[in-house]
Amino acid sequence: MPCYRFYINSNLVKDAKIILQGDQLHHMKNVMRIRIGEIVQVINGRNQLAQATIDKYQGNQSGHLTLNHVYTKELPDKPAINLIQPLTRSKGLDLVIEKCTELGVKHFYLYGSQQGEISSLSLARQNKLTQIAISALKQSGRLDLPTFTFADRLHDLKIEQHAYPVCFGDTRHLNDDHVGLTPQSTLANYKTICIGPEQGFSDMELHYLQNQIGASGIKISPFTLRSETASIAITTLVAHANLLTQ
């Protein structure tokens, strides 16, 4: 984990004064116990990183910093990975957001599956997922914060043109020895991964994936995987395949 790294949702400009509050202030002042005059790093999730000096604390209300140097990273010349993920119970979904942020997912499409247990999330729960992504961003050393789209059903998602082609975890041929595992060279072609719920995709969802958005089924294991396991495993394989083609 990059040492003493904190997040603020604003542009970073050299010599500017910024104020940290809330969770970021608590972590800096009360958890890490960073003192006035010490140097920290500040990120904004927009490919900017700043070196900053802590000027003062105002109790537990705010921390005042000066940005000494600002570095802007150019966007990498490689396809971004997007993940279409069904809504699941909190711990499983939290794990997917954390680990897939670390693995480089650029955008999360979250949907209520027809055969799943959850059809929507409260605004507070959506905000919690963003906070999990911020923590993973800080831990992993990434500078770009992933974004989120929420929809009640898979067919309600508005998938951007740049997110094609799409693949999905296809469990229909797990026991068919004539259907082999998807090769790494094929995985490298995909920009978006779609995962189904524990009970599998409904017939309507499969029709949408194959006939409306032209998604291709892939097979990475002869076994049935939990939704969160499949999300992390396929994201890892696709990210790795993409890196090898650079």
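**View 1. Arg 172 and its salt-bridge partner in this predicted model.** Arg 172 is partly exposed, with a relative accessible area of 43%. Its partner is Asp 170, and the closest N and O atoms of this salt bridge are 2.8 Å apart. Asp 170 is buried, at a relative accessible area of 11%.

**View 2. A salt bridge between Arg 35 and Glu 38.** Here the two side chains meet with an N to O distance of 3.6 Å. Arg 35 is exposed, with a relative accessible area of 62%, while Glu 38 is partly exposed at 24%. The structure holds 9 salt bridges.

**View 3. A network of salt bridges links Glu 98, Lys 99 and Glu 102.** Look for Lys 99 and Glu 98, whose closest N and O atoms are 3.3 Å apart. Lys 99 is partly exposed, with a relative accessible area of 29%, and Glu 98 is partly exposed too, at 30%.

**View 4. Helix α2 (residues 90-102) beside helix α6 (residues 227-244).** The two axes come within 9 Å and cross at roughly 10°, so α2 runs roughly parallel to α6. On the α2 side, the contact is made by Gly 92, Leu 95, Val 96, Lys 99 and Cys 100; α6 brings Glu 228, Ser 231, Ile 232 and Thr 235. By class, 4 of these residues are nonpolar, 3 polar and 2 charged.

**View 5. Inside the largest nonpolar core, a set of 35 residues.** Among the members that touch the most others are Leu 83, Phe 108 and Leu 110. Helices α2, α3 and α6 and strands β6 and β7 each supply at least two residues of this core. Contacts of Leu 110 include Leu 93, Leu 129 and Phe 148.

Methods
Residues numbered from 1 in each chain as written. Predicted model: local features only at pLDDT ≥ 70, side-chain atom pairs only at ≥ 80, totals over all residues. Heavy atoms only, no water. Axes fitted to C-alpha atoms, helices over the stretch in contact; angles between N-to-C directions. Helix = DSSP H or I, 4+ residues; strand = E, 2+ residues; numbered from the N terminus. Parallel < 35°, antiparallel > 145°, perpendicular 65-115°, else oblique. Contact = heavy atoms within 4.5 Å. Nonpolar A, V, L, I, M, F, W, Y, C, P; charged D, E, K, R; others polar. Core = buried A, V, L, I, M, F, W, Y, C linked by side-chain atoms within 4.5 Å. Buried < 20%, exposed > 50% of the residue type's maximum accessible area, 1.4 Å probe, protein only. Salt bridge = Lys/Arg side-chain N within 4 Å of Asp/Glu carboxyl O. Lists of a residue's contacts leave out its neighbours within four places in sequence.
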